[in-house]
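Please read them with the structure open beside you.

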Amino acid sequence: MHYDIDLDKIDVLSVAPESEPERQYYFMAKCRQYTRRFFEKKGRFPTACIQTLGCQMNAKDSEKMAAVLSCIGYEETDSKEADLVLYNTCTVRENANLKIYGRLGYLKKKKKENPDMKIVLCGCMMQEADEREKIRKEYPFVDIVFGTHNIYKLAELLYEQIQAEAQIIDVWEEARGIVEDLPGRRKYPFKTGVNIMFGCNNFCSYCIVPYVRGRERSREPDDIVDEVKRLVEDGVLEVMLLGQNVNSYGKNLNHPVSFASLLRRVDAVKGLKRIRFMTSHPKDLSDELIDAMHECQKVCAHLHLPLQSGSSRILEKMNRRYSKEDYLGLVDRIRDRLPDISLTTDIIVGFPGETEEDFEETLDVVRRVRFDSAYTFIYSKRFGTPAADMEGQVPEEVVKRRFDRLLGVIKEISKEITDSRVGQTVDVLFEEINEQDASLLTGRLSNNAVVHCKGGNSSCHAFYIGKIVSVKLLESRGFYYMGEIVS
Ligand code: 5AD
Ligand code: SF4
């Protein structure tokens with residue numbers, strides 16, 4: 001158990017240990033000398049700002065890196081003028097990459113004002129050789145570049161960079177095992193993500209994730225359950241089990257385990273109140289899992305089930321390995337067993353070759369399933385994926401029109417569903433005081449919908465944060481509710 005390790009007791013003059021995570025604790029101790037020198041020079045510890053793009057997996061990776069930086073002696077800040085600015089990048093759609101280049105322009109200027117500033121880029125975009133090469137050639141002021149497989153090496157790379165005073169690039173094409181027991185830190189004390197697996201084997205034809213996150217690797221169930229137990233002891237009420245395709249969890253372990261059985265084990269952890277998971281691929285969602293969701297009391301009434309397209313023809317070209325009918329049949333089976341479940345989804349508009357008829361099929365599924373909400377994306381061509389070379393790329397204005405139509409239908413249904421629950425009393429986990437209006441407390445229902453509540457003065461607000469409380473839903477505002485605390 002390494003969480004409570006005392007870095008000051010590590011002999012930094014000895015040779016670096018070979019084994020992990022000991023090696024990283026050693027380099028954290030080494031880097032601590034740098035932050036102390038910084039303090040002696042400037043009368044304050046250096047600040048670090050972590051900016052995260054993309055999915056929940058990236059958010060989780062960023063939490064881990066924040067913990068490492070905090071152990072080293074960095075003080076976390078939201079200011080992008082920090083002494084260390086780290087961008088955890090995404091590359092699922094092209095505009096995520098463009099955003100990074102935009103930010104680098106700004107950081108170049110800031111670094112001129114603060115030459116001690118360190119700029120770190122990591123995550124999915126860095127796994128792309130072309131992008132990496134561009135950073136190396138055109139952005140020499142970036143100090144450290146690493147990918148998705150060696151996030152845990154942040155302390156070691158930072159130390160190397162401090163020593164070398166030169167750009168360090170360390171990106172691995174493949175993962176080399178899973179490192180357990182690095183420091184933990186959470187954005188919220190009462191909820192957090194827990195990685196259960198990494199990577200993806202599905203190769204949906206539009207998607208770059210399998211190329212940048214590598215093949216599926218599952219963590220041992222004992223390690224996951226132990227982590228959840230530790231988190232609960234430390235005040236966590238809600239965990240989100242994370243993986244690109246959680247339904248194929250455990251298949252590649254020496255002793256294969258199903259996701260359903262993992263869910264049952266996590267459900268049995270005393271003191272835990274809520275379990276969420278993300279993301280489920282429809283092709284792998286088993287009846288065993290539906291049964292487990294039905295039986296496990298702590299599993300939230302929410303399932304995110306990416307549809308991508310409602311047209312069987314397009315689904316085949318996407319390599320999704322289910323048809324429109326399969327998807328609708330699955331939804332029926334889920335709702336049979338879990339009638340109160342909220343379903344959300346991801347949909348891509350404008351996949352190569354998508355015709356008006358194909359798009360109508362998508363609208364048809366949306367109308368039939370009645371998703372509580374949906375993330376909608378305009379297809380983005382990703383270099384190296386099979387879809388990038390497909391015929392029939394759809395003109396931008398056609399895609400835009402379809403996108404707006406789809407959004408209209410989704411919003412309308414979403415509002416109807418939200419409206420229909422007004423008047424109900426539900427359990428809410430309060431997460432924060434509303435950023436725009438401090439008289440409001442913001443929390444989430446089991447189905448992940450957001451509710452804002454007025455209640456007393458702000459000192460009593462703090463009391464509710466991190467607690468599950470009964471709330472009456474007074475009013476629906478489309479995607480969220482206004483409510484009042486009843487207990
Ligand atoms: N273009 C648009 N959307 C994409 N997604 C993945 N790849 C692409 C792409 N090339 C969407 C999918 C996935 C979500 C995380 O991002 O809908 O479920
Ligand atoms: Fe991408 Fe498909 Fe894997 Fe999801 S399941 S990460 S969309 S390849």
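1. Which residue takes a positive phi just after H5? Glu165 does, with a phi of about 50 degrees; helices (H or I, at least four residues) and strands (E, at least two) are DSSP runs, numbered from the N terminus. The model is predicted, so to speak of local features a pLDDT of at least 70 is needed, side-chain atom pairs count only at pLDDT 80 or more, and totals for chains, interfaces and linings use all residues. Residues are numbered from 1 along each chain as its sequence is written, chains are lettered from A and ligands numbered from 1 in the order in which they are written, and side-chain values use heavy atoms, with hydrogens and water left out.

2. Helix H5 itself (residues 154-164) is mostly covered, since 8 of its 11 residues are buried, where buried means under 20% relative accessible area, exposed over 50%, and partly exposed in between (1.4 Å probe, protein chains only). The buried residues are Leu154, Ala155, Glu156, Leu157, Leu158, Tyr159, Gln161 and Ile162. Their cover includes H1, helix H2 (56-72) and the strands S3 (84-89), S4 (118-123), S5 (144-146) and S6 (168-170), with contact meaning heavy atoms within 4.5 Å.

3. The largest nonpolar core has 72 residues, of which Val239, Leu241 and Phe259 touch the most other members; a nonpolar core is a set of buried Ala, Val, Leu, Ile, Met, Phe, Trp, Tyr and Cys residues joined through side-chain atoms within 4.5 Å. Helix H13 (residues 396-420) gives the most to this core, with 8 residues. If residues up to four places away in sequence are not counted, Phe259 touches Ile196, Leu241, Val246, Asn247, Tyr249, Phe277 and Leu289. Apart from this core lies another, of 36 residues, including Leu7, Met65, Leu69 and Ile162.

4. Arg276, in strand S11, deserves a separate look. At 5% relative accessibility this arginine counts as buried, and its side chain is joined to that of Glu238 by a polar contact of 3.0 Å. A polar contact is a pair of N or O atoms within 3.5 Å; within protein, one must be able to donate a hydrogen and the other to accept it, and residues adjacent in sequence count only if both atoms are side-chain atoms. The side chain of Arg276 also reaches the backbone oxygen of Leu445 at 3.1 Å. Beyond four places in sequence, the residues that Arg276 touches include Val239, Leu241, Cys300, His302 and Asn448.

5. Around ligand 1 the shell consists of Val92, Arg93, Tyr206, Gln308, Asp346, Ile348, Phe377, Ile378, Tyr379, Ser380 and Arg382, a residue being near a molecule if one of its heavy atoms lies within 4 Å of it. By class the shell has 6 nonpolar, 2 polar and 3 charged residues; Ala, Val, Leu, Ile, Met, Phe, Trp, Tyr, Cys and Pro count as nonpolar, Asp, Glu, Lys and Arg as charged, and the others, Gly among them, as polar. Strand S13 (342-349) and strand S14 (373-378) each supply at least two residues of this shell.

6. Which polar atoms lie by ligand 1? A polar side-chain atom of Arg93 lies 2.9 Å from an oxygen atom of ligand 1, a polar backbone atom of Tyr206 is 3.0 Å from a nitrogen atom of the ligand, and an N or O atom in the side chain of Gln308 is 2.6 Å from an oxygen atom of the ligand. Taken alone, ligand 1 exposes 400 Å², and the protein buries 85% of that, by the Shrake-Rupley method with a 1.4 Å probe.

7. Gln308, of the shell around ligand 1, has a positive phi near 75 degrees although it is not glycine, and at 8% relative accessibility it counts as buried. Phe203, of the shell around ligand 2, has a positive phi near 50 degrees and counts as partly exposed at 29% relative accessibility.

8. The bond from Glu20 to Pro21 is cis, with omega near 5 degrees, and Pro21 is placed in the segment before helix H1 (22-42). The bond from Met278 to Thr279 is also cis, with omega near 0 degrees, and Thr279 is found in the loop between strand S11 (274-278) and helix H9 (287-295).
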